[in-house]
Amino acid sequence: ALGWACWKIYLGRSETDGVRATAMELLGKALCNSRPKEALPVYEANLALERRYWSHDEANILIAQSNVASCLSNLGRHDEALVLER
């Protein structure tokens, strides 16, 4: 519930707003363990935003990739997760 509340607060901000990206990441983390199917599109969208607007920030892109990989692993999609982790 806290992840959704955080996301709803920052949803109206620009895609280039770092706080909005953080809210999206937190929503994904809140969903990942209990509802990974719902978390995966959130993490994928966050990774796409990181690549689009902050391509120079390699550390955050690696974190976003790791989040997607972790979620894929939780879904039993280990081969896809391994590709992202490399």
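Q: What does Cys 71 touch?
A: Leaving out residues up to four places away in sequence, Cys 71 touches Cys 32, Pro 36, Ala 39, Leu 40 and Tyr 43. Contact here means heavy atoms within 4.5 Å.

Q: Before we go on, what sort of model is this?
A: It is a predicted model, where local features need pLDDT of at least 70, side-chain atom pairs count only at pLDDT 80 or more, and totals for chains, interfaces and linings use all residues. Residues are numbered from 1 along each chain as its sequence is written, and side-chain values use heavy atoms, with hydrogens and water left out.

Q: Which residues touch the most other members of the largest nonpolar core?
A: Val 68 and Cys 71 do, in a core of 19 residues. A nonpolar core is a set of buried (under 20% relative accessible area, 1.4 Å probe, protein chains only) Ala, Val, Leu, Ile, Met, Phe, Trp, Tyr and Cys residues joined through side-chain atoms within 4.5 Å.

Q: Now the helices: at what angle do helix 2 and helix 3 pack?
A: About 155°, with their axes 8 Å apart. That makes helix 2 roughly antiparallel to helix 3, a label for angles over 145 degrees. Axes are lines fitted to C-alpha atoms over the stretch in contact, and angles run from 0 to 180 degrees between N-to-C directions. Helices are DSSP runs (H or I, at least four residues), numbered from the N terminus.

Q: And how far apart are the axes of helix 3 and helix 4?
A: They are 9 Å apart, at an angle of about 160°. Helix 3 is therefore roughly antiparallel to helix 4.

Notes:
Buried means under 20% relative accessible area, exposed over 50%, partly exposed in between (1.4 Å probe, protein chains only). Helices (H or I, at least four residues) and strands (E, at least two) are DSSP runs, numbered from the N terminus. Angles under 35 degrees count as roughly parallel, over 145 as roughly antiparallel, 65 to 115 as roughly perpendicular and the rest as oblique.
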